[in-house]
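Me: I would like to learn how to read a structure such as this one, feature by feature. Could you give me the general idea each time, and then the case at hand?

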Amino acid sequence: MARKYMMAGNWKMNKTIGEAVVLAQDISNQYEDSWLKNCDVVVCPPFVDLKPVKTVFEFDRIEIGVGAQNVHWAESGAYTGEISVPMLKETGCGWCIIGHSERREMFGETNEGVNKKAKALLAAKINPIICVGESLAIRDEGTTLDFVCAQVKAAFAGIEPDEAKDCVIAYEPIWAIGTGRTATPEQAQEVCAAIRSTIADMYGAQVAEEMRVLYGGSMNPGNVSLLIAEPDIDGGLIGGAALKKESFVQLIEACK
Ligand code: PGA
């Protein structure tokens with residue numbers, strides 16, 4: 001079964017509600033049905049922008065998905081500053097990034113927390129985009145594959161095959177994020193293939209064949225084609241280049 005590409009924009013902590021609506025409208029104005037033939041398109045704005053952005057796409061009747069960048073695993077309660085799965089659900093959000101390296105590094109997100117978040121999202125039928133990736137120190141040490149595959153195993157612990165297939169994995173080498181230094185297609189392919197074979201070990205060949213593995217880290221219109229030409233790279237999780245309509249649209253067009 002051929003996998004459909006996915007291009008997911010991670011807006012990080014950018015765009016006020018007003019700015020987010022303008023960008024969503026700009027994307028919507030460029031929209032063509034042909035985008036979605038080979039590609040799922042998702043944007044992940046900050047929490048407060050989720051509903052306004054979703055409303056733009058719904059109003060224009062276009063099937064661009066909306067995702068969050070984090071979530072808490074508890075239903076509700078005394079967790080000041082956190083957002084729950086039911087809250088995301090009501091915004092119409094269908095995806096949620098978890099385990100991003102910025103959250104792991106700056107906000108103490110752990111493998112165990114990523115696993116709890118994945119389970120809570122799956123129970124509510126919100127698809128997790130699970131981020132994994134090594135630091136430069138780990139790459140230089142030569143232990144990248146072990147490190148990344150251990151992150152994958154931990155994220156999926158206790159998740160059943162029929163739910164695992166709804167997850168997307170994003171391989172994002174930390175040294176390539178926001179640095180303009182992209183992994184070569186060969187480097188990215190090597191890790192994405194190892195991720196897929198870890199999924200095959202855990203869930204069998206069929207789930208592994210169906211699951212999308214994205215690359216993220218300075219993906220841009222100039223390097224996208226060679227990256228997604230690799231057999232195990234099924235699209236991108238895009239930061240900087242997703243904040244401008246022109247570059248985001250070019251990335252989507254590259255999947256045609
Ligand atoms: P970048 O970010 O494309 O700006 O490198 C990617 C990400 O952090 O998801």
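Me: Which residues are buried in α8?

Reply: Two remarks on the source come before the answer. This is a predicted model, in which local features need pLDDT of at least 70 and side-chain atom pairs count only at pLDDT 80 or more, while totals for chains, interfaces and linings use all residues. Residues are numbered from 1 along each chain as its sequence is written, and side-chain values use heavy atoms, with hydrogens and water left out. Buried means under 20% relative accessible area, exposed over 50%, and partly exposed in between, with a 1.4 Å probe and protein chains only. In α8, the buried residues are T144, V148, C149, Q151, V152, A155 and F156.

Me: How are the buried residues of α8 arranged when seen down its axis?

Reply: An α-helix has 3.6 residues a turn, so residues three or four places apart point the same way. Helices (H or I, at least four residues) and strands (E, at least two) are DSSP runs, numbered from the N terminus. The buried residues of α8 fall within an arc of 150°, taken from the directions from the helix axis to the C-beta atoms, so they line one face of the helix. Just after α8, G158 takes a positive phi of about 80°.

Me: In which sense does β2 pair with β1, and in which with β3?

Reply: Two strands pair if DSSP finds at least two bridges between them. Strand β1 (residues 5–10) pairs with β2 in the parallel sense over six bridges, and N10 has C44 in β2 as its bridge partner. The pairing of β2 with β3 (residues 65–68) is likewise parallel, over two bridges, with V43 standing opposite V66 in β3. Strand β2 itself (residues 39–44) is mostly covered, since five of its six residues are buried.

Me: Which residues come nearest to the ligand?

Reply: A residue is near a molecule if one of its heavy atoms lies within 4 Å of it. There are 13 residues around the ligand, and those that come nearest are K12, H100, E172, G178 and S218. An N or O atom in the side chain of K12 is 2.7 Å from an oxygen atom of the ligand, and the side chain of E172 likewise has an N or O atom 2.7 Å from a ligand oxygen. For G178, a backbone N or O atom lies 2.7 Å from an oxygen atom of the ligand.

Me: Is S218 buried or exposed, and where is S218 found?

Reply: S218 counts as buried because its relative accessibility is 17%, and its place is the loop between β7 (212–216) and α12 (224–228). Its phi is near 55°, a positive value in a residue other than glycine. R61, in the loop between α3 and β3, also has a positive phi near 55°, but R61 counts as exposed at 76% relative accessibility.

Terms used:
Polar contact = N/O pair within 3.5 Å; in protein donor to acceptor, adjacent residues only side chain to side chain.
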